[in-house]
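Keep the view open beside you and take the points in order.

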Amino acid sequence: MRLPDWAKKKLGASGGIHAMKAILRKRGLHTVCESARCPNIGECFSKPTATFMILGGVCTRRCGFCSVDKHQSPLLVDPHEPANIALTAKELGLRHVVVTSVTRDDLADGGAGQFALTIKAIKDTISDISVEVLTPDFNGDEAALRLVFDARPDIFNHNVETVPSLYPVVRPQADYRSSLGVLKAAHSDGLLVKSGIMAGLGEDGGEVKATLRDLLEAGCDAVTIGQYLQPTRNNLPVKEYVTPEIFKEYEAYGLEIGLKHVYSGTFVRSSYNAEIFASSR
Ligand code: SF4
């Protein structure tokens, strides 16, 4: 399918990319920006900002949209990772830090403890900082979620990623209702809750709007909607390039039904300009 002009992202200054990569390599850190081949990497790394990806660079699930390395034998958990992220965030002068992870179904707590340690390390190292976590579903494990909730991230983000009818192809090892349950639990615990979906995977507009209603009902405060772009030839194909007008329509609909913040556009990703919602709280 031909890429329309509006879906072509210009690369930012490459100097910013090289400088950020050097800092990340120095401390052995991963980012979803690189692993997921995010189209915004030039812009974000040049700011500079990045979304740290904890628990290694290898995922235990096989989601069709995602280009992060997948393997049944992921890496050991690095005990220095929380401190290294905190030091890197400080070196970069970040005021809002987004931390995500690969899914670690092999770990007893799904990696929730490492999220908690990372939140604590960042808050202990940098005063007046906000931390947003973008977590996996932890298979809905309440004890794992409790570890993350008790670390009190400023924003709890978990993406449902797509409409429920597309779960079998997009998130075959996940469950839409279970993800809504994770969001509900975070809301019930008094956290600010965010989620996101991709458009262009074959959903229709009515399904997107129904998902926005589900997210509102689950207690979401903020939702991001962005165009799915096939990261590698091994990932799901793009079914449609959603027009900027339709993205605006989704945004207007989300706000109309009562979501506090909806960020919708071709290059919107969960963590894209995440500081805007964080600072508007
Ligand atoms: S939008 Fe998010 S994932 Fe993409 S480059 Fe920016 S910070 Fe990284």
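**Notes for a first look**

1. Let's begin with overall size. For a chain of 281 residues, a compact globule would have a radius of gyration near 19 Å, and the chain has 17 Å, so the two agree. Along the principal axes, the C-alpha trace spans about 45 × 45 × 40 Å. Please bear in mind that this is a predicted model.

2. Next, the interior and the contacts. Buried residues account for 46% of the 281 residues in the chain. If you take contacts between residues at least 6 apart in sequence, 74% of them join residues at least 24 apart.

3. Now the secondary structure. The chain holds 11 helices and 10 strands. Eight strands form an open sheet with mixed pairing, in the order 1-2-5-6-7-8-9-10. Strand 1 (30-31) and strand 10 (261-265) are at the edges; each has a single partner strand, so one side of each has no neighbour in the sheet.

4. Asn157 has Lys194 in strand 8 as its bridge partner.

5. Helix 10 (residues 244-257) lies across strand 9 (222-227) and strand 10, and runs at about 170° to strand 10.

6. Leaving aside residues up to four places away in sequence, Gly226 touches Met198, Ala199, Gly265, Thr266, Phe267, Val268 and Arg269. The C-alpha atoms of Gly226 and Tyr263 are separated by 8.4 Å, although these residues are 37 apart along the chain.

7. Finally, the ligand. Which residues are around the ligand? They are Val32, Cys33, Cys38, Asn40, Ile41, Cys44, Thr49, Ala50, Thr51, Arg269, Ser271 and Tyr272. By type, this shell divides into seven nonpolar, four polar and one charged residue. Helix 2 (32-35) and helix 3 (41-46) each supply at least two residues of the shell.

Notes: Residues are numbered from 1 along each chain as its sequence is written. This is a predicted model: local features need pLDDT of at least 70, side-chain atom pairs count only at pLDDT 80 or more; totals for chains, interfaces and linings use all residues. A residue is near a molecule or strand if its C-beta atom, placed from the backbone, lies within 6 Å of it. Helices (H or I, at least four residues) and strands (E, at least two) are DSSP runs, numbered from the N terminus. Ala, Val, Leu, Ile, Met, Phe, Trp, Tyr, Cys and Pro count as nonpolar, Asp, Glu, Lys and Arg as charged, and the others, Gly among them, as polar. Two strands pair if DSSP finds at least two bridges between them. Two residues are in contact if their C-beta atoms, placed from the backbone, lie within 7 Å. Axes are lines fitted to C-alpha atoms, for helices over the stretch in contact, and angles run from 0 to 180 degrees between N-to-C directions. The radius of gyration is taken over C-alpha atoms; the globule rule is 2.2 Å times the number of residues to the power 0.38. A residue is buried if 20 or more other C-beta atoms lie within 10 Å of its own, exposed if 12 or fewer, and partly exposed in between; C-beta atoms are placed from the backbone.
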